[in-house]
2 protein chains.
Amino acid sequence: MNGLQALLNPGSIAILGASADLTKVNGRTLKYLLAKGYAGRIFPVNPKYQAIGELQCYPGIAAVPGPVDLAIVALPAALVPDALRDLGKHGVKAAVVFSSGFAETGAAGRALEREAVAAARESGLRLCGPNCLGLINAFDKVIATFGQFADGETPAGPVGFVTQSGAFGTAIAALARRRSMGLGYFINTGNEGDVDFVQAMRAVLGDPRIKVGAGYIEGLKDGPGLLGLADFALEQGKPLVVTKVGKTGAGARAAASHTGALAGADHVFDGAIRGHGIVRARNEEHMLDMVEVFANCGLPGGCGLGIVTQSGGAGVLMADRAEELGLKVPVLSAATQEELKQVIPGFGAAGNPVDVTGQFVAEPALLRDSVRIVLSDPGVHVGIVWLQLMDAYVDVLIKIFEEIQAGATKPFIVCWVAAPDAALKALRERGIAVLRGAEPAVDAAAALVNYAEARRYWLADREARTALQVPRLDLPQAGPVASLAAQKLLNESGVATARAVLTPTGDAAVAAARKLGYPVALKIESPDIPHKTEAQGVRLGLANETAVRAAFIAILNNARRYRPEARLDGVIVQPMARGDVELVIGLQNDPVFGVVVMVGLGGIHIEVLKDVAFRKAPVTPAEAGRMLDELRSRAILAGVRGKPPVDREALTQMISAVSMFGAAAGARLNELDLNPVLAGTEGVTAVDWLMVLR
Amino acid sequence: MNGLQALLNPGSIAILGASADLTKVNGRTLKYLLAKGYAGRIFPVNPKYQAIGELQCYPGIAAVPGPVDLAIVALPAALVPDALRDLGKHGVKAAVVFSSGFAETGAAGRALEREAVAAARESGLRLCGPNCLGLINAFDKVIATFGQFADGETPAGPVGFVTQSGAFGTAIAALARRRSMGLGYFINTGNEGDVDFVQAMRAVLGDPRIKVGAGYIEGLKDGPGLLGLADFALEQGKPLVVTKVGKTGAGARAAASHTGALAGADHVFDGAIRGHGIVRARNEEHMLDMVEVFANCGLPGGCGLGIVTQSGGAGVLMADRAEELGLKVPVLSAATQEELKQVIPGFGAAGNPVDVTGQFVAEPALLRDSVRIVLSDPGVHVGIVWLQLMDAYVDVLIKIFEEIQAGATKPFIVCWVAAPDAALKALRERGIAVLRGAEPAVDAAAALVNYAEARRYWLADREARTALQVPRLDLPQAGPVASLAAQKLLNESGVATARAVLTPTGDAAVAAARKLGYPVALKIESPDIPHKTEAQGVRLGLANETAVRAAFIAILNNARRYRPEARLDGVIVQPMARGDVELVIGLQNDPVFGVVVMVGLGGIHIEVLKDVAFRKAPVTPAEAGRMLDELRSRAILAGVRGKPPVDREALTQMISAVSMFGAAAGARLNELDLNPVLAGTEGVTAVDWLMVLR
């Protein structure tokens, strides 16, 4: 048994400072363990008592007979490090430290926490906390918490919940209980001195009794760890649903590039997890809605939604929401419609949403048969059944849903508005997903569809992902990289750039322009002028020799005026590139996730509408295609206003190549902006680039 | 007492076909009236009985002694017209017709409904239904329904609910009851043969006991009526919250202009109601959340949100959502922060969200004082207090919120996650708004702020609105209007257009170009070619005489090739206009709302992103400004990428002028598209226009 296993499923538990007052923190834990029937041995430790209730109490951990897997520590903060050392000496494998007064209180607390964590590590102990509510393993009645949530029933279920916040986590767990949703695990990681969100969730998902992971994240430290966890979850086929707070504001860091300015923590987080199949919830109820369906439904094979209702309006509302979320509400096949007409008297419309009307109350088989027929339509991959109230018909309806479920090969969700509590409970006991509103039901159906697609995609792309060969590059020193040096690195990584010639004189510039072909662009080249346009160091569309000569002189003069001390390497000559669509592709070194790659359309799309997609680097071309598909402005790539579509293959290749450069540069990368990248019907070219190493 | 008053608050009720079986449709109504204590006289009418229970039963309406205000009709459909005539003869003022088998069943049913409605009108009866669940006036115990909703308690409250759907309406009413939200009225208008949503809601809002209107709309027929109702509601200061289904699909009508293509029913509905302060809910829970706060909170004087929580994460989640919705979460003043530090031990951060931590359980005054201090901050206009569970502290907390409310001069919302039912009930009884999730609480706070702003704005703009003088125009016959004739009409309405000269020959075109100044544009002019570009009938940026001559010939040739039978009036010469931003302004004749005006930025904004705003015409320039503020791309008007802001005053004037033309054209208008309109730093010009009358 390793430390994490001892933490989650200990064979014996010691409670340091156990109290005979069962309303106090350490008294409560004892009360819960006894009341809920923990089967392992319990050792209260407190020199004040000989016994607590029928349990013998020990003066210290050393006096405890037999091995202890887990210790509960609720001592004053200052006593914690020594207590952990004592636990280590006694061979205890894990500790939950409830005590506060650590890193959350300031510098002295941080030092004390470091000491406690060091003590635990030296002693070979895994530590949950400090400053946490502890954990519940409901399967094995391990109630290692003093939180008020444990006051109520804690039935086990296939959902593992890990929360960084005690208060919000308790609220979410209480909401889950109100839904009769059993949490197999409830873990509050608190200050995460040792065991963090990622480690706790990984241990939870490793339990075969768990089908879904639900997480509440306030501050993520280990981005790559989270993505590794996500890959593990995908491998296991266990969806991971998270709520993360902190969307805005925090990410507004000063940066030299668009990529940097847009790499607000939340943009990056969203993109990074999307590439690894983590499902993000907007809020607590949305999370539980999705957990409900993941715990009870199989994964749909496509995005077709079949809707059966008792109200035309509810059907329209759901169809609208489905369309907003990119689901299809397909017209049912002629055969399906014919079958429905046999079942629903007076059925006339093309169906889907199918309105069975209130008549099913008189004739319950109507509902069962309609749902079966709709689910059997080849265009339907997931079903929603909407109904309301029906207090007088709970038993009949439960039976109908049981019958539907028994024969169903596709997932379906019951949406029962203002349902009697007995109905909700009975359905959940039978493993039938039930939600309480039309929009939440469609949102949850979309989550099923999207997760299924993300997982299919992730599996299909696995080979290509493994085959990615990060290039070995010879990187120059820190700071902005000269244009031609940067170009060479990009080209070596497979990124196509516009040709560029560095010229020291007007004559050389004219010769270069003649060779490259008019019209050309001239740009200042200086390690001290990263923003060439700002320095008026760029002239575009120069059509002839005279223009080139004049531009050469003007650019040098402007650069000298802009920054008199700047080292001027010369002037770069480039042919004017053409393309139908202007994009920006960039890299950024995110403090949580490491190097991330970004793409967006240029101009107002990126500057005003912030319409960009991020991923952790590197990405395959297929994954790059998914980034493009996330852009709100993606229609432009397919061609609008009479323009042809851009060369998508070249574009996704370039995004992938940029990401490979990013992966190769790794910690050395500060930022890279290719802006603009011009995409045409054939080929994609980076026209300007700014590379900064560190 | 008029017919609507008799419908909603009758002094006596006759039940045609009353049944002694109290489980049947007409038996149930009788049961409800008796059980809930209706104070007026009840007259069962059925030749089969002498009496039902203790009530005398009459063989026909003619036999009923004394006046009858309202009759309940649940006869077979075919008998309804005659029954209504009989009711009319007896002086009955209103009828609720439960019977189905009317317009909802097809052509024969439609004819029967027309007959029934005509019978009611001839007899001076107002009619609710047919095919409806009827209504409840909970204040006066008028339970004129057979719906299952009446099986439970129907306590009165300040919310009037009118629903077009029986099933969905019942679900919503049941959800309201679960919140202990009293519905003063529940009215299901069914087929709306006579009394429709607008009329019913207006009667409900006219009751001084009602503070908020809540509506569920599936199919709106009378757009102007709804806006008139909205104005009445604004005048009374009673917010009107609606859920409308049918967002997508239905509105996709074929139309010649962008405006037409974008005038999907939902875009128009959204814009029209926004101009009149109607609050639209996304779904049933969102509606009830907003109704909850409107019923219990005063209106905030600004958009500053103060947040007090028991969890840092909840605070961040709410602050993020507030930012998304355009609310401010202001840094509290130094004085406020100083005060808070006295109250919250260890308080360090700048505050807002203020985290009082779990310590308030030990020291309840902490919560009360913190909320009071935050609400007193000058930057805070509405408060949210977040907490969770606390089953053991309900009484203490209720008292605290009572004390806060007693002294509060600003609205606040309690957000209590997983609250004990007793707490919810107690708070609602005390008129304290309480919601059950962080995001819903912020959404509801935003609704308060937005409604307050809309109402302030509506009041401030009243004078300007009244002063709008719709011009009198001499409109040509139906069909596309020739460019110069359309230009004249636009100019007369105050819409600035680019100068344009119609030329019959190349020489004339050259002369016109010389006069207007190069470069110029040439465009084909033909009543048979509304889409000039499609016919290759437009040439832009012609810089000299040669170019103009060549273009003239090419355009005529293209037009003849495009449509050989087209009547060609000549070629229009226009100077090339300049502007920093391209917009589209248009008009459309909406089947529900009449003439509506639209604005959006040109190009991909309108074609790909569908980023447009609609209003019912006419609008004042101030209202036009609010349309611009609704555009997602509005930042572009303020100047991006180094461009100066456009002339907003000229732009809003033009939108208003276009809307005035629309109001003047009225039913004659088919559509108008000004595309593009070029807006610069000084002035705004319509460069091309397509006007179609009918």
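1. Conventions. The model is predicted, so that local features need pLDDT of at least 70, side-chain atom pairs count only at pLDDT 80 or more, and totals for chains, interfaces and linings use all residues. Residues are numbered from 1 along each chain as its sequence is written, chains are lettered from A in the order in which they are written, and side-chain values use heavy atoms, with hydrogens and water left out.

2. Nonpolar cores. A nonpolar core is a set of buried Ala, Val, Leu, Ile, Met, Phe, Trp, Tyr and Cys residues joined through side-chain atoms within 4.5 Å; buried means under 20% relative accessible area, exposed over 50%, and partly exposed in between (1.4 Å probe, protein chains only). The largest such core has 242 residues, and A:Leu7, A:Val96, A:Ile413, B:Leu7, B:Val96 and B:Ile413 have the most contacts inside it. A second, separate core comprises 91 residues, including A:Leu490, A:Leu583, A:Val597 and B:Leu672.

3. Surroundings of B:Ile413. Contact means heavy atoms within 4.5 Å. Leaving aside residues up to four places away in sequence, B:Ile413 touches, among others, B:Val293, B:Cys297, B:Ile384, B:Leu435 and B:Leu448.

4. Cis peptide bonds. Helices (H or I, at least four residues) and strands (E, at least two) are DSSP runs, numbered from the N terminus. A:Tyr518 and A:Pro519 are joined by a cis peptide bond with omega about -5°; A:Pro519 is in the loop between helix H19 (506–516) and strand S22 (520–525) of chain A. A cis bond also joins A:Asn675 to A:Pro676, with omega about 5°, and A:Pro676 is placed in strand S28 (residues 669–679) of chain A.

5. Positive phi. Most residues other than glycine have a negative phi. A:Asn131 has phi near 60° and lies in the loop between strands S7 (126–128) and S8 (134–137) of chain A; A:Asn131 is partly exposed, at 28% relative accessible area. Phi of A:Ser180 is likewise near 60°, and A:Ser180 is partly exposed at 35%.

6. Helix pair. The axes (lines fitted to C-alpha atoms over the stretch in contact, with angles from 0 to 180 degrees between N-to-C directions) of H16 (residues 438–460) and H22 (residues 621–630) of chain A come within 10 Å and cross at roughly 155°. H16(A) and H22(A) are therefore roughly antiparallel (over 145 degrees; under 35 is roughly parallel, 65 to 115 roughly perpendicular, the rest oblique). A:Glu453, A:Ala454 and A:Tyr457 in H16(A) meet A:Ala622, A:Glu623 and A:Arg626 in H22(A).
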